[in-house]
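Hi,

I am passing along the structure we talked about, and my notes follow right below it. Please have a look when you get a moment.

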Amino acid sequence: MSTATHSPRSSGSIGRIVGASLIGTTIEWYDFFLYGSAAALVFNTLFFPSADPLVGTLIAFITYAIGFAARPLGGIVFGHFGDKLGRKKLLVLSLLMMGGATFAMGLLPTYDAIGVWAPILLTVLRLVQGFALGGEWGGAVLIVSEHGGDKHRGFWASWPQAGAPGGNLLATGVLSLLAAVQSDAAFQSWGWRIPFLLSGLLVMIGLWIRVSVSESPVFLAAQAKAEAAAAAGAKEEAPVVEVFRRSWREVLSAIGTRFGENISYYILTSFILVYVTTHLGLPKGTALNAVLIGSAVHFVTIPLWGALSDRIGRRPVTLIGSAGMAVWAFAFFGLVDTKSFAVITLAVTAGLLLHGAMYGPQAAFISEMFDTKVRYSGASMGSQLASILAGALAPIIAVELLKDYGSSTPISVYLCAAAVITTITVAVTRETLGRDLAGSRKQETAPAPAVPAGDPA
């Protein structure tokens, strides 16, 4: 592969870009994860009342999954316009859509007040959330990847990734604080609305920061080249068409790379709330605080995994996480079943450390798989299609397995199988470390791997 490097921006400039992406993604993930936590704790009774708590939770998680179903559509739409108009404009739009939907959730009447319209309106707002997040991830990681130099791309691009545990940390922290200072009756009645309404303020802060960043220099150069070619009479296909025609192998590699990572994350942070409260009968604060502590460690260590991938490669670091998760899947529930808060916290934290090894290098890894003119579309489609196959179904499958078998063993097998899929995918995917994002994959001179992830020469 090419070892040429494009000139990075100054450290102050890349710092501003990273800060804007991190804060924006943290807010968007706060909004998205807030629903997942609320689905496990209150939505099952407020919007989907049922005589069986697990059935109500299952229905709430199905609506939670609908948000994932909208993410690929968001990835396609935002990816198309992001490759045509630029990364920055679409990132501002995604933040506005996500924040508006979350704020509106905090104002929704419950089932007792308006009947079936309550879950319908909640589902519509969840679709808006998913659509917005489908466009957020690709733009946030690309604008950082394309601003920074090749040498430290894994480190810089991992900071927007840290927005996921940052958002989860913020969402869980607010919910945990409210659970500690309010009675269960007050939290069920009105306290749960506070975190959703808080999103309005957070979005204003995020927008103020995000509009100040500059557009990606790599995109601007590619855009100028495309405009010159168009002036000369050349015709270009829509980015989404070109991705599926020329880069479908990379899309499949991105899906497989995200598969085990997605499933493990939602079991470790969302399903665990159901398992601890419903199956083990422990207070909801036990699970919330365990996830809170684990997310704090996760947030700090993701950039460290990204930095390590700059030294030894994207593939080795990802394989540490996926192979480790395949083993940890069986130890995790055994530790949680002790009902000890300290041991539960250890189980969640260790699992999130292994998840971070998959997640930290992922932004650079997937960004480096695609050429500039289709990078937003390709990265978004690969990552968001994985969200339907993996993250959307993970809590639903886990709850259904628990309901049918009353045991965590089938869930461990499910988690292990997902990690193995990611391990195999990464093992046969081409290493991307050192790739010049301003160049083309067709110009790279590295020998082809046994199972190539790029276009045939």
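To start with the term needed for the first part: on a 1 Å grid over the protein atoms alone, a cavity is a set of points where a 1.4 Å probe fits but cannot get out, and its lining residues have an atom within 4 Å of a point. Grid points are joined across faces, edges and corners, and a volume is the space filled by probe spheres set on the points.

Do keep in mind that this is a predicted model: local features need pLDDT of at least 70, side-chain atom pairs count only at pLDDT 80 or more, and totals for chains, interfaces and linings use all residues. Residues are numbered from 1 along each chain as its sequence is written, and side-chain values use heavy atoms, with hydrogens and water left out.

**The second largest cavity**

There are 4 cavities of 30 Å³ or more.

Helices H1 (11–46), H12 (248–279) and H15 (341–359) each supply at least two of the lining residues; helices here are DSSP runs (H or I, at least four residues), numbered from the N terminus. H12 gives the most, with 5 residues.

**Helix packing**

H12 and H15 also pack against each other: their axes come within 10 Å and cross at roughly 155 degrees (axes are lines fitted to C-alpha atoms over the stretch in contact, and angles run from 0 to 180 degrees between N-to-C directions). That makes H12 roughly antiparallel to H15, a label for angles over 145 degrees. Their crossing is left-handed, meaning that the near helix is turned anticlockwise from the far one by less than a right angle. Contact means heavy atoms within 4.5 Å, and on this basis Arg258, Glu261 and Tyr265 are among the H12 residues that meet H15, whose side includes His355 and Tyr359. This contact has 7 nonpolar, 5 polar and 2 charged residues.

What angle do H14 and H15 make? H14 (residues 314–336) packs with H15 at about 165 degrees, with the axes 7 Å apart, and the two are therefore roughly antiparallel. This crossing is left-handed. Their contact residues divide into 16 nonpolar, 6 polar and no charged.

Elsewhere, the axes of H3 (residues 87–105) and H5 (residues 117–147) come within 8 Å and cross at roughly 150 degrees, so H3 is roughly antiparallel to H5. The contact between H3 and H5 comprises 15 nonpolar, 4 polar and 5 charged residues.

Best wishes

Key
On a 1 Å grid over the protein atoms alone, a cavity is a set of points where a 1.4 Å probe fits but cannot get out, and a pocket is an open set with protein on both sides within 12 Å along at least five of seven lines; lining residues have an atom within 4 Å of a point. Angles under 35 degrees count as roughly parallel, over 145 as roughly antiparallel, 65 to 115 as roughly perpendicular and the rest as oblique. Ala, Val, Leu, Ile, Met, Phe, Trp, Tyr, Cys and Pro count as nonpolar, Asp, Glu, Lys and Arg as charged, and the others, Gly among them, as polar.
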